[in-house]
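Subject: Structure for you to look at, with notes

Dear colleague,

Please find the structure below, together with some notes that I hope you can follow alongside it. Do take your time and look up each residue as you come to it.

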Amino acid sequence: MRSMGTFQSLSASDILKRGPDSWNRWREEQPHLRPSLQGENLEQRYLREVNFSSCNLADTNLRQADLCLANLEQAQLNRADLTEAVLYTTDLRYSSLKEAILTRADLTEASLVKADLSLAVLQQAQLNRADFTDARLYTTNLRQADLSDVELIRADLREVDLTMADLGEADLRDANLSFAVCSLAQFVGATLCHANLYRANLSLGNLCVANLMGANLTKASFIGANLIGANLYLANLRFANLAQADLREASLRITNMTGANLAGANLSMANLTEATLVRANLTGANLSRANLHQANLDGAILKGVTLPDGRKHP
């Protein structure tokens, strides 16, 4: 009762000024409260292990704040400024970060399961090994962000900007990346099984040994992309643009490439067994030592193609 009396006349802001220990003790004593710190200036504050669960932190200035190991589960952080904030291993599950600014923030190993980051800015953010399972990142800015080893299983990444981002070894199974901008992005060893990349732009991207089994790549752009050794088994590449793409040793078994543009693509040693290349443009493509067993090339343009046996098609 003594500590409750100590806090009862103070605002949430005043209690926080007493430090993380006082704040956490107050939250333990008043678990039913949903404190509001909306619009507060918490720039460069030491907030490690603070319990901000279910708090209203919308429009709050948290620039360069230290939120390592903090609990922000179900917190409202819409439009908050977390530029260069440290959120290492922070719990952000079910939180709302719509339109938040997290430029160059460190979210290494943070948990963002089912978090909403729609329209947020995470340019150059450190997100390696973070968990975004079922998270919403609609139209989020992730340019040049480090997303290596992250989990983005079933994440909503529609219209996201991943230009020059690093997604090496990332898990994007069943993720929705339709209309995403991923030019110059790194997807080396990434898992994109059954992901939706309809009309996504992956031009000049690096997808070496990436797993795109069963992915929807309809009308996607892979101009000049590196797909060496990629697994595209059962993928849908209808009307995709793979001009000048490097598909050496790629697995394209039973892949649908109807109407695809493969002009100038390198498909040497690729496995195209039972692939559908109906009306595909293979002008100048390299198919040396490729496996075309039972592939369907009806209506395909083969002008200047290097055939599997090394001969040039007229």
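The notes below go through salt bridges, aromatic rings, a surface patch and some backbone angles.

This is a predicted model, in which local features need pLDDT of at least 70 and side-chain atom pairs count only at pLDDT 80 or more, whereas totals for chains, interfaces and linings use all residues. Residues are numbered from 1 along each chain as its sequence is written, and side-chain values use heavy atoms, with hydrogens and water left out.

Salt bridges

A salt bridge here is a side-chain nitrogen of Lys or Arg within 4 Å of a carboxyl oxygen of Asp or Glu, and by this rule the count comes to 14. One of them joins Asp 59 to Arg 79, with the closest N and O atoms 2.8 Å apart. This pair links distant parts of the chain, since its partners are 20 residues apart, both in the segment after helix H3 (20–29); helices (H or I, at least four residues) and strands (E, at least two) are DSSP runs, numbered from the N terminus. To describe how open a residue is, I use buried for under 20% relative accessible area, exposed for over 50% and partly exposed for what lies in between (1.4 Å probe, protein chains only). Asp 59 is partly exposed at 33%, and Arg 79 is partly exposed at 40%.

Asp 81 forms a salt bridge with Arg 63, where the closest N and O atoms are 3.2 Å apart, and this pair also links distant parts of the chain, 18 residues apart. Is Asp 81 buried or partly exposed? Asp 81 has 17% relative accessibility and therefore counts as buried, whereas Arg 63, at 32%, counts as partly exposed. In a further salt bridge, the side chains of Asp 309 and Arg 311 meet at 2.6 Å, N to O, and both of these residues are exposed.

Aromatic rings

Rings of Phe, Tyr and Trp (its six-membered ring) pair if their centres lie within 6.5 Å, and planes under 30 degrees apart count as stacked, over 60 as edge-to-face and the rest as tilted. A search of the whole structure finds 3 aromatic pairs. Phe 179 and Tyr 198 have ring centres 5.6 Å apart and planes at 80 degrees, so this pair is edge-to-face. Both residues lie in the segment after H3, so the pair ties together parts that are 19 residues apart in sequence. Phe 179 is partly exposed at 42%, as is Tyr 198 at 27%. Elsewhere, ring pairs link Trp 23, Trp 26 and Phe 52 into a cluster.

Surface patch and backbone

Met 164, Leu 184 and Leu 204 form a nonpolar patch on the surface, with about 290 Å² of accessible area together. Patches are made of residues with over 30% relative accessible area and no salt bridge, like charges being joined within 9 Å and nonpolar side chains (Val, Leu, Ile, Met, Phe, Trp, Tyr) within 5 Å, and accessible areas come from the Shrake-Rupley method with a 1.4 Å probe, for which only the protein chains shown count as cover for residues.

Most residues other than glycine have a negative phi. Asp 134, although not a glycine, has a positive phi of about 60 degrees, and the phi of Lys 219 is near 60 degrees, also positive.

Best wishes
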